[in-house]
Amino acid sequence: MIKISILYPSNPSARFDMGYYIDKHMPLSIGLLSAHTGFKGVSVERGLGGAVPGTDAAYIVMCHFLFNSAEDFMAAFMPHAEVLQGDMPNYTDIEPVIQISEVLISE
């Protein structure tokens, strides 16, 4: 299984509209990407703090999509890339960090 992580780094001067992201962008993303047979799930996490009490979280939001393979993710994403990426200015000005990982342990 493959995890595609879309990470939005914390930045005090950045704009991130959590309401829009949760209520509009993510339902759109899930609706489009979950139609592919390789889709296995999604989670969205909001950063609350760093390891040291009182410090900021490294990421404002982390979104994780699970797919059978990287090829399945690309097949699901590419037909909708323009729509999904075009929606980003509606909720943020942050350039996300994207990582593709192989899931080795999941319980």
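**Position and exposure**

Modeller: Valine 44 is found in strand 2, strands being DSSP runs of E of at least two residues and helices runs of H or I of at least four, numbered from the N terminus. The model is predicted: local features need pLDDT of at least 70, side-chain atom pairs count only at pLDDT 80 or more, and totals for chains, interfaces and linings use all residues. Residues are numbered from 1 along each chain as its sequence is written, and side-chain values use heavy atoms, with hydrogens and water left out.

Colleague: Why does valine 44 count as partly exposed?

Modeller: Because its relative accessibility is 33%, and the partly exposed class lies between buried (under 20% relative accessible area) and exposed (over 50%), with a 1.4 Å probe and protein chains only.

Colleague: And lysine 3, where does that lie?

Modeller: Lysine 3 belongs to strand 1. Its relative accessible area is 29%, so lysine 3 is partly exposed.

Colleague: Which residues is lysine 3 in contact with, leaving aside neighbours within four places in sequence?

Modeller: Lysine 3 contacts His64, Phe65, Leu66, Gln99, Ile100, Ser101 and Val103, where contact means heavy atoms within 4.5 Å. Although 61 residues separate lysine 3 from histidine 64 in sequence, their C-alpha atoms are 6.2 Å apart.

Colleague: Changing topic, which residues of helix 2 are buried?

Modeller: In helix 2, residues 70-77, the buried ones are Asp72, Phe73, Ala76 and Phe77. Viewed down the helix axis they fall within an arc of 125 degrees, so they line one face of helix 2; the arc is that of the directions from the axis to the C-beta atoms.

Colleague: What covers them?

Modeller: The cover includes strand 1 (2-9), helix 1 (18-33), strand 3 (59-67) and helix 3 (81-87).

Colleague: Now the loops. Where is threonine 55 found?

Modeller: Threonine 55 sits in the loop between strand 2 (39-46) and strand 3. With a relative accessible area of 35%, threonine 55 is partly exposed.

Colleague: What does threonine 55 touch, beyond four places away in sequence?

Modeller: Threonine 55 touches Gly49 and Gly50. Isoleucine 98, 43 residues from threonine 55 in sequence, is 23 Å from it in space, C-alpha to C-alpha.

Colleague: Last one: is proline 12 buried or exposed?

Modeller: Proline 12 is exposed, with a relative accessible area of 85%. Proline 12 is in the loop between strand 1 and helix 1. Its C-alpha atom and that of aspartate 56, 44 residues apart along the chain, are separated by 9.5 Å.
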